[in-house]
Each structure stands twice: as structure tokens, then as C-alpha cells.
Amino acid sequence: MFETDERRLARWERRAEWPLTGLAVLFVVVYAWQVLDGRSTPGVHAGLEVVLWLIWLVFAVDYAVRLTLAVDKRRFFVTHLFDLLAVLLPMVRQLRVLRLISVLKVLNKRFAGKFRQRVGVYAAGVTFLVGLCASLAVLDAERHHPDASITTFGDAAWWTLTTISTVGYGDRYPVTWEGRLVAALLMIGGIALLGVITGTIASWLVERLSGVEESVTEAEQATAAELRLVRAELAELREELRAARADSGR
């Protein structure tokens, strides 16, 4: 029975993978539209907000279904605690920027295996996605505050670049607690991102070096086999020469 349940969970995750990926991309697009389009009417803004919450509801349902299908629910709860927090915390409007965390996780899970062999593409893609989401989130949190220094997307992008690269010029900085939360997550995420990229590059190099070592080993084995064959042929020639000398001496 447990095995059947595990298969059901695996089947659900496989079937939900592409739909969740598409919804994650749609979420980023709609969220960017909502944040960047300052001229949108209240009706359009409300419609975009409804779309965002509907997509988030799908993520919440996915978590609930996976929890239901999990054999060891306690283990699933502990190992997926971050997923639960990412689903529950954004229910508080001030923490809605955290909705982007699960979106990033879904997209990274979907594409990490596809592009890990192409280190440059993967690293550039992850960095761009994290930077875009962080810029949108901090702009959404900061731009309406009277003391804000981040009021345009350009300001947000520059702040994100200096923060994620750990340079931190200080000319742009968040003043709201929501913006500072984004900053804290971005700083932690920047360190983690560097670790992931370094690990990905290291893994790629190890695979490449392993392939080179295997090729060298195969070449050495082939060379050794050829040397053994040459030695055997030389030994046969020596025997033939000895036999020929012996016959001529008679």
C-alpha cells in the first residue's frame, strides 16, 4: 500500500510539473505587469491581483495534495516546511512578495536538470530570474513610501545588482520592513546562488575530468594491449630466427 501511495505521489508530481511551471511563468509576468504599469486602472489592478491569488491558490492546492499522497506525512511536513511557510506567509498582504519564492523554486526545479550541463546558461538564467523577482519585490514594497530611495525599476535593478554581488554601494537602500525583508532574503539568496553556481561548475568539471580520465584509461589499456601484441609477435620472430639458424647450422 505504501509503495502504491508513493507511486501516486510521483505520478502527481510528474503531471503537475509542466502546469506549475507554466503558472509560475505567468505569475512572474502578471506580477511584473502589476508592479511596472503605474497607469493601470483600479479595475485592471484588481483583475491582476485576482489572477495572482488564483495562481497562488493552485500552488497551495498542490502542496495539500502532495501532503495527502505522502506516505510519511511527518517526514514530508518536516522536509517541505519551507514550502508550507511560502504558502502561508503570503496570506498576510504585507508579506505577499514572498509568493515569488515558491515561483523561483518551481522554475529552478523544472529547469535545473535541463541546463546543468550548460553551466553558463543555467547560471545566467538563475541570476536573471532572481534579480528580476527581487527588483520587482523591492519596488513593490518601497515606491510608495515618502522616504524611499527606490522609486523606479531602474533604481530597484541597480540596488539588486549591488546587493546580490555583495558590493552594496549604499546609494539605494530599502526603508520599509517589507523591503528590508526582501533585502535580507536577497543577501542570503545571493550567497546561496554563488554556492549553487560554484557547485554546478564543480560538478560539470568533475564530470568532464571523469570523462577525460576514462578516455586516458581506455587509451592506456589499448596501448598496453598493443604492446603485449607486439611483444608476442617479437617473441614469435625470435623463435623463428632461432629455428632458422638451427636449420642452417645443420
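Student: Where do R66 and D62 lie, and how many residues apart are they?
Tutor: Both sit in helix α2, four residues apart, which is about one turn of the helix. Keep in mind that this is a predicted model.

Student: What do their side chains do?
Tutor: The side chains of R66 and D62 meet in a salt bridge, at 3.0 Å from N to O.

Student: Why can side chains pair like that at all?
Tutor: Opposite charges can pair when the charged atoms of the side chains come close.

Student: Is R66 buried or exposed?
Tutor: R66 is buried, because its relative accessible area is 11% and the cut-off for buried is under 20%. D62 is buried as well, at 8%.

Student: How many salt bridges turn up in the whole structure?
Tutor: Two, from a search of the whole structure. Besides R66 with D62, there is R172 with D155, where the closest N and O atoms are 3.2 Å apart.

Student: Where do R172 and D155 lie?
Tutor: R172 is in the loop between α7 and α8, while D155 is in helix α7, so this pair ties together parts that are 17 residues apart in sequence. As for cover, R172 is partly exposed, with a relative accessible area of 28%, whereas D155 is buried at 15%.

Student: OK, new topic. What touches W159?
Tutor: Leaving out residues up to four places away in sequence, W159 touches A134, V138, I150, R172, Y173, P174, V182, A183 and L186. R172 is on that list, and R172 is also the salt-bridge partner of D155.

Student: Which residues have the most contacts inside the largest nonpolar core?
Tutor: Those are F27, Y31, F59, V138, W159 and L186, in a core of 29 residues.

Student: Which elements give two or more residues to this core?
Tutor: They are α1 (2-36), α2, α6 (119-142), α7 and α8 (177-249). The most comes from α1, which gives eight residues.

Student: What lies apart from that core?
Tutor: There is another core, of six residues, and Y63, A70, F76 and L84 are among them.

Student: How exposed is V50?
Tutor: V50 is partly exposed, with a relative accessible area of 47%.

Student: What share of the contacts joins residues 24 or more positions apart?
Tutor: Counting contacts with a separation of 6 or more in the protein chain, 64% join residues 24 or more positions apart.

Student: Which elements have the lowest and highest mean pLDDT?
Tutor: The lowest is helix α5 (residues 99-115), with a mean of 59, and the highest is helix α7 (residues 153-164), with 91.

Conventions
Residues are numbered from 1 along each chain as its sequence is written. This is a predicted model: local features need pLDDT of at least 70, side-chain atom pairs count only at pLDDT 80 or more; totals for chains, interfaces and linings use all residues. Side-chain values use heavy atoms; hydrogens and water are left out. Buried means under 20% relative accessible area, exposed over 50%, partly exposed in between (1.4 Å probe, protein chains only). pLDDT is the predictor's confidence in each residue, from 0 to 100. A nonpolar core is a set of buried Ala, Val, Leu, Ile, Met, Phe, Trp, Tyr and Cys residues joined through side-chain atoms within 4.5 Å. Contact means heavy atoms within 4.5 Å. A salt bridge is a side-chain nitrogen of Lys or Arg within 4 Å of a carboxyl oxygen of Asp or Glu.
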